[in-house]
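Please keep the sequence and the model at hand while reading the points.

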Amino acid sequence: MRQAGTYSGILSGGISGKTGPHLLPLARIKKIMKKSGEDVKMISGESPIVFSKACELFIKELTQRSWMVTMQGKRRTLNKEDVASAVMATDLFDFLVNLVSESGEATTPLEMDTSNYS
Amino acid sequence: MEDETSHENVTQGHNKGSPDSPCAKTGGTGNNKEQDRFLPIANVGRIMKKVIPSNGKISKDSKETVQECVSEFISFVTGEASDKCQREKRKTINGDDIIWAITTLGFEEYVGPLKLYLSKYREIEGEKLNIPKQQRSEQKQQHQLQQQSKHEQNIPNFNSSVYSSTSLLSRHSSFVPSDQPFSLPFSPNNIQKQLQQQQDQIDSVGYW
């Protein structure tokens, strides 16, 4: 397996901190990638790295939009309904609509077939 | 129960097994297999905090929801990238495929920062393949001057870290700078010879 020290420059923000460290665990990302489909077999080493950044951007965008909903409600605590509202209001997040509308229910198997999303 | 405590730079080496972290996550399913589907809630929460005012608060259930959304995002993008690889009869999903899928699915705004991030990663990878640590520190001082004059880009200067400034070399290619002809002010030939002689420290990720 990899040695953590190999990427200490990136991971610990040693690169003058401008890129920022990897905020998300790469092995976990890889696991989630593999679960997305039977066809996913080989993943290059850089894919989780790219995803680490992409997920960070995604989380930030989703949170920002959710926070706008929170503020509209004159509240200071971002809650789940705010996230759901942000998802509903954003075309880009259409693939999440089923996910957030399941609030309160047990997590049911989600559709991983991305052909439905296009 | 999470199988991972919160750390700023948790790497792949740290989330194996289930340490005795007393973190309470979802009240219902608490087994590790369930949590493997998501990124750690602490990491997710930390990123969320960055974009809200300091006096703002985030409920736990919203963090959980975002957690699920991120996993769905990963699956979504991976599926597209995987389809592309299948169409092109390739077996391995690489970073470019991910970026392509992200663009195709509408997240074009992410592409700029991602490409930058990826190119930096590849730079470091290319250096690691060819330069042992001793050489790096020696060459670092030599090339720092050329480095600063050469690059007007706002890519962070890796020379300040362990890795040397032979990013100049690797910039012209993906991973193997020794094969490329160079038109650089200093003499790359000497460096290349040194590089090729000591390739014993290849500890790159390679393919997972």
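1. Basis. The model is predicted: local features need pLDDT of at least 70, side-chain atom pairs count only at pLDDT 80 or more, and totals for chains, interfaces and linings use all residues. Residues are numbered from 1 along each chain as its sequence is written, chains are lettered from A and ligands numbered from 1 in the order in which they are written, and side-chain values use heavy atoms, with hydrogens and water left out.

2. Chain B as a whole. Eight helices and two strands make up the secondary structure of chain B; helices (H or I, at least four residues) and strands (E, at least two) are DSSP runs, numbered from the N terminus. Starting at the N terminus, the order of elements is α-α-β-α-β-α-α-α-α-α. Chain B has 208 residues, of which 51% count as buried. Here buried means under 20% relative accessible area, exposed over 50%, and partly exposed in between (1.4 Å probe, protein chains only).

3. Among contacts (heavy atoms within 4.5 Å) in chain B between residues at least 6 apart in sequence, 51% join residues at least 24 apart.

4. Two helices with cover from both chains. In α2 of chain B (residues 41-50), the buried residues are B:I41, B:N43, B:V44, B:G45, B:I47 and B:M48. They pack against α3 and β2 of chain A, and against β1 (57-58) and α3 of chain B. In α4 of chain A (residues 80-89), A:D82, A:V83, A:A84, A:A86 and A:V87 are buried. Their cover includes α3 (47-72), β2 (77-78) and α5 (97-100) of chain A, together with α3 (60-87) of chain B.

5. The nonpolar core. Which residues have the most contacts inside the largest nonpolar core? They are A:F51, A:F58, B:F73 and B:F107, in a core of 56 residues. At least two core residues come from each of α2 (26-34), α3, α4 and α5 of chain A and α2, α3, α4 and α5 of chain B. The largest share, ten residues, is supplied by α3(A). A nonpolar core is a set of buried Ala, Val, Leu, Ile, Met, Phe, Trp, Tyr and Cys residues joined through side-chain atoms within 4.5 Å. Not counting residues up to four places away in sequence, B:F73 touches A:F51, A:A54, A:C55, A:F58, A:F95, B:F107 and B:Y110.

6. A salt bridge between chains. Over all chains there are eleven salt bridges, each a side-chain nitrogen of Lys or Arg within 4 Å of a carboxyl oxygen of Asp or Glu. In one of them, A:E46 pairs with B:R122, with the closest N and O atoms 2.8 Å apart. A:E46 lies in the loop between β1 (42-43) and α3 of chain A, and B:R122 in α5 (residues 111-130) of chain B, so the pair joins two chains. Both residues, A:E46 and B:R122, are buried.

7. A network within chain B. Salt bridges link B:K84, B:E88, B:R90 and B:D97 in a network. Between B:K84 and B:E88 the closest N and O atoms are 3.0 Å apart. B:K84 counts as buried because its relative accessibility is 12%, whereas B:E88, at 41%, counts as partly exposed. The side chains of B:K84 and B:D97 also form a salt bridge (3.9 Å, N to O). B:K84 lies in α3 and B:D97 in α4 (residues 95-104) of chain B, so this pair ties together parts 13 residues apart in sequence. B:D97 is buried, with a relative accessible area of 2%.
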